[in-house]
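The sequence and structure are shown first.

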Amino acid sequence: MQTVRINNLTKTFNKTTAIDNLSLDIEKGKITGLIGADGAGKTTLIRLIIGLLLPDKGDIDILGLNPFTQKPELVSKIGYMPQKFGLYEDLTVIENLRLYADLKSQPYDFEKMLEFTSLTPFQDRLAGALSGGMKQKLGLACTLLGTPEFLLLDEPSVGVDPISRRDLMKMVRDMISPETTVLWSTAYLDEAHSFDTAVVLDKGKCIYNGKPHDLASTPQEFEEKVIELMGGYKNEPSKIAQNYTPIDYELECSVVADNLEKKYGNFYAVKNNSFCIKRGEIFGLLGPNGAGKSTSFKMMCGLAKPTSGTARIMGIDILENPAKARSNLGYMAQKFSLYGQLTVRQNLEFFAAAYGIGLLDRKKRVDEIIEVFDFQTVQDQKSEDLPLGFKQRLSLACALIHNPPILFLDEPTSGVDVIARREFWNHITSLAKKGVTILVTTHFMDEAEFCDRISLFYKGEAIAVGSPEELKQQAHTSTMEDAFITLIKESGK
Amino acid sequence: MKILTALIKKEFLQIIRDPSSIIIAFVLPLLSILIYMYGVNLDSVKVTLGIKNDDANSEISTLVKSFGHSKYVNSIVFDNEKDLTEAITRSKIKGAVIIPNDFSTKLSRAQAGDLLIITDGSEVNTANYVQSYSTAIANGWLNTSKFQRFTPTPVVNSELRVWYNQDLNSHYFILPGSISVTMTLIGILLTALVVAREWERGTMEALLSTRVRKIDIVLGKYIPYFTLGMVSMMFNVFLCVGIFKVPFRGNYLVLFTVSALFLFTLLGVGLTISSKLKNQFLASQVSLGIGFLPALLLSGLMFPINSMPKFFQILTGILPPRYFITFIESEFMAGTVWRLVFVNAVFLTVLGLILFALVYKSTDMRLKG
């Protein structure tokens, strides 16, 4: 039995071909992972399957129905969770559930669902005030209402921590029946490796459709194989790092957190946080959503005022002299925070000016950066039109424009595909070797392995500090992900 | 039906949680009525005049006195021309009346006496007042002075009666008119945001993947904002009639029925903008441009339509506020005029239905691409 039958499907937007003569079958009762680089056509394919987009050419047959002509019948059999979860942020948890129950003509029977998502204590909280992991669970709960025959999840695990990711997987596996078909688009290849089937898309074509275990037996090998299928990744020396001019200084620690504390009323968002990052070290801040990583980050670069304690950047107190301290660091924010309406070149020029590069040097520096980052072909494009991987590279370019000795990266690779992530980390590790001090947060545990030292954050406090190896030993586990989960669970007891 | 109820319930929850809709529906009317009540005044105001009397005749000094007694004028007496000129330049006085030295002589000879009235043309409105007040005071004086016998008996004796607004109090038509401005804001600006918001936040994509029908989405927006608008309308009327004592001579049922039709057309404008643009920022700009500003400037509230250029007069024909303002001003001040009610109601209904069809047509059930 097939849930999805697609024959010679084509879909174009203006001039770009999103889906290119694609033929694909998805078997009923299986969990299928949908993998591919940014812009490979994953979201477009999902939207075509449920009839949210109309195809240019080709046939789609979903559960024996045509999404073009029989959308009303089709949608009552499917559950779809879009990338932004589709939650009403100004409605409470229970109000969101009631709304979707009404839309799907289901009874108000949420007890099991709330229990399962551990949202019972938060049912009267506004969805907008939930942490990323909880939003995702609520989104999934709304999608699962009415026990759909076919579940479609579009990158549900972007930006959530490993524990929430595991919970989500468990939730899906426990809530569905053996007849339910699941199509799960993901950037996590370890996730995809655990599914029944993997479909790899590349430039709108299906380049692999089969059992993940047929491709490789371990998640690591699977990742290598998928990268190979997508055209491979050449580990070239980083031009960005080569172009970096090291700065000489005498300090032992370039970044110091000195008893940082942030209190909201009686609640400690960050408590007693101290660390010292040496020159050229990659220091990772890890922890579940809402543990206080972002708050720490904001205090470190002077964007939030600590209740007590302080931070020193290159020996300069961030509270006493924020402008001077900040001039030593490059900052890359979680969301794309450049000016979308400006071109690549204009963004670089703006940030060069903002970081105080004089008018005479500015053009030279911008030209240099454009050359080093390979922006020649896109320099006059509006930055909002760039693919995600380019946007992320542009953010890094803007952070590095003034050749800073320190880089702060807040979830820099969230939502970026595996090849772009590899390239990115190649630059970061090479920069560190040239003496750049790096503070980074991430939810990808394979990225955590690149860190020299990690501070594991939970409920506002650092519960473990050490190298990835030390943390794994401390938790008696073999992978960083298991170490993360074990250490958090132990400290919760 | 259940789906529609759920959508309406959801929309109401969002309205209650969103401070901006409450501000637009209840705080803004209060503010605008206060401003129109105490800030804006289109009525005649007391003007300060300078008087210079060059006529030594004692009878003429009573003319100077009657300027002093007038309730429309503050008069300051000047002795020399230099001071007078300077007072005008410094805007201490808004105009001046100069009585020449042969004024009484000419009058006693039954000739026309010349009065020089100087006005400040940089403030046209005030200049008109200065002219008409001075002439009226001088004529009034003439009728009671001893020179009266030289003036011919007027052939036409005009009597003035002001209908509908005996006190010529401009608040009585501006306050009801301001209701239309508030209604335009709720009907166009607020609703222009709501569909665009669903597209921006990705909730529309989730809605479209359920069994929601097009008519559910459309009515799910019309009904809640219609209700909000009508509640705000009642609040406005209460403020005008209950608090600020604007006389209401019409029929409340007629008032609210036509208001409902007006709101219906406005919602059509707002929702069309929102469904077409799918972007909150753009939608708010466009709704200010094509909704709010015409309602303020081209509806006849501020400037009479028949004194506009022909092109704009025709243009006002497609603006809902134009029909509503004519209606609400007459409903408040003159009472129900059935012919007027009927004409405006028909126009509003036709416009409203056309817009409803447009909203229905521009509501996308699929993503664009």
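Which residues does Leu84(B) touch, not counting residues up to four places away in sequence? Leu84(B) touches Gly50(B), Lys52(B), Phe78(B) and Ala96(B), where two residues are in contact if their C-beta atoms, placed from the backbone, lie within 7 Å.

## Basis of the model

This is a predicted model, in which local features need pLDDT of at least 70 and side-chain atom pairs count only at pLDDT 80 or more, while totals for chains, interfaces and linings use all residues. Residues are numbered from 1 along each chain as its sequence is written, and chains are lettered from A and ligands numbered from 1 in the order in which they are written.

The model scores ipTM 0.83 and pTM 0.83. For chain B the average pLDDT (the predictor's confidence in each residue, from 0 to 100) is 87, and 96% of the residues score at least 70.

## Overall form of the chains

Chain A contains 19 helices and 19 strands; helices (H or I, at least four residues) and strands (E, at least two) are DSSP runs, numbered from the N terminus. Along the principal axes, the C-alpha atoms of chain A fill a box of roughly 70 × 50 × 40 Å. In chain A, 48% of the 493 residues count as buried. A residue is buried if 20 or more other C-beta atoms lie within 10 Å of its own, exposed if 12 or fewer, and partly exposed in between, with C-beta atoms placed from the backbone.

Chain B has 14 helices and four strands. Its radius of gyration is 29 Å, well over the 21 Å that the globule rule gives for 369 residues, so chain B is more spread out than a compact globule. The corresponding box for the C-alpha atoms of chain B, along the principal axes, is roughly 95 × 45 × 40 Å. Buried residues make up 38% of the 369 residues in chain B. Of the contacts in chain B between residues at least 6 apart in sequence, 80% join residues at least 24 apart.

## Domains

Domain bounds come from an automatic or database domain assignment. In chain A, this assignment gives domain 1 (2-229) and domain 2 (239-328 + 404-492). The centres of these two domains of chain A, taken over C-alpha atoms, are 32 Å apart. Their contact takes 18 residues from domain 1 of chain A and 17 residues from domain 2 of chain A. On the domain 1 side, the elements that give two or more residues are helix 5 (132-144), helix 6 (162-175) and helix 9 (219-229) of chain A. Helix 6 of chain A gives the most to this side, with four residues.

For chain B, the assignment gives domain 1 (7-40 + 169-362) and domain 2 (47-150). A distance of 49 Å separates the centres of domain 1 and domain 2 of chain B, taken over C-alpha atoms.

## Interface between the chains

In the interface, 23 residues of chain A are in contact with 21 residues of chain B. On the chain A side, helix 2 (71-75) and helix 3 (93-103) of chain A are the elements that give two or more residues. Helix 3 of chain A provides the largest share of that side, four residues. The residues on the chain A side divide into 13 nonpolar, four polar and six charged. Here Ala, Val, Leu, Ile, Met, Phe, Trp, Tyr, Cys and Pro count as nonpolar, Asp, Glu, Lys and Arg as charged, and the others, Gly among them, as polar.

## Nonpolar cores

The largest nonpolar core has 80 residues, and those with the most contacts inside it are Ile49(A), Ile50(A), Leu138(A) and Leu152(A). Such a core is a set of buried Ala, Val, Leu, Ile, Met, Phe, Trp, Tyr and Cys residues joined through C-beta atoms within 7 Å. Apart from this core lies another, of 77 residues, among them Met314(A), Met332(A), Cys398(A) and Trp425(A).

Leu84(B) lies in helix 4 (residues 81-89) of chain B. Leu84(B) is buried because 21 other C-beta atoms are within 10 Å.

Pro100(B) is found in the loop between strand 3 (95-99) and helix 5 (103-108) of chain B. Pro100(B) counts as partly exposed, with 16 C-beta neighbours inside 10 Å. Leaving aside neighbours within four places in sequence, Pro100(B) is in contact with Asp54(B), Asp55(B), Asp114(B) and Leu116(B).

Definitions and conventions
Rg over C-alpha atoms; globule rule 2.2 N^0.38 Å.
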